[in-house]
Amino acid sequence: MRRTGTTRRGALTATGALALGAVLTGCGGDDEGAGGKQPARAATAKAEKALREKAVRDDALLLARYDLVAEAHPATAAGLEPLRAAVAEHGQALAPPRAEDDPKKGAPKGDEAPPAPAGPVSADPKAAVRELAAAERRRADGYGEALLAAGPELARLLASVAAAAAAHAYLLTELAEETAV
């Protein structure tokens, strides 16, 4: 004899279908009808732009620091160049989209000069390279903290750059040990 009525399998299937329908309905809304979501998106975009601008400034300072160390201690220049090039690429990747790249944004503001690096370079080449390693560690930590305020796409980029900065710190520490006084 066949059982009639609701079975456990049928109830679970119906519940799953209803839950899936609710999720898909919630994901399918258009942006114009979102009402209160537009100001939140604008605030998020503004915060991400500020994060990107700070990251570019910090990278410009670090690039200037790399240049100062390489100039003061030419024996370290060959070891520093690939790391410096990577920092320059990170700065380009983190830069906010330029206004000329987006026709809806308006006129570009013009390029700002990078800030001057703080402090002199140590006279000891090992100490100078260790200072660069410490700066890379601070950069990795700063990007790790910035992940909390970033959206998903920027967070992935910041995580990648933070990992690279941590690797740079390790490589610079090794370079400092190999550097002759």
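Of the 181 residues in the chain, 28% count as buried. The model is a predicted one. Its chain holds five helices and zero strands.

**The chain as a whole**

- Read from the N terminus, the order of elements is α-α-α-α-α.
- The accessible surface of the chain amounts to about 12100 Å². Carbon and sulfur atoms account for 59% of that surface.
- Contacts in the chain between residues at least 6 apart in sequence can be sorted by how far apart the partners lie in sequence; 77% of these contacts join residues at least 24 apart.

**How α3 and α4 are arranged**

- Helix α3 spans residues 77-94, and helix α4 spans residues 125-146.
- The two helices pack at an angle of about 25 degrees, and their axes are 13 Å apart.
- Angles under 35 degrees count as roughly parallel, so α3 and α4 are roughly parallel to each other.
- The crossing in which α3 passes α4 is left-handed.

**Which residues make the contact**

- On the α3 side, the contact is made by L80, V87, H90 and L94.
- On the α4 side, L132, E136, R139 and Y143 take part.
- By residue class, the contact of α3 with α4 consists of five nonpolar residues, one polar residue and two charged residues.
- Tyr counts as nonpolar in this grouping, so Y143 of α4 belongs with the nonpolar residues of the contact.

Notes
Residues numbered from 1 in each chain as written. Predicted model: local features only at pLDDT ≥ 70, side-chain atom pairs only at ≥ 80, totals over all residues. Heavy atoms only, no water. Axes fitted to C-alpha atoms, helices over the stretch in contact; angles between N-to-C directions. Helix = DSSP H or I, 4+ residues; strand = E, 2+ residues; numbered from the N terminus. Parallel < 35°, antiparallel > 145°, perpendicular 65-115°, else oblique. Left-handed = near helix turned anticlockwise from the far one by under 90°. Contact = heavy atoms within 4.5 Å. Buried < 20%, exposed > 50% of the residue type's maximum accessible area, 1.4 Å probe, protein only. Areas by Shrake-Rupley, 256 points an atom, 1.4 Å probe, with all protein chains shown as cover.
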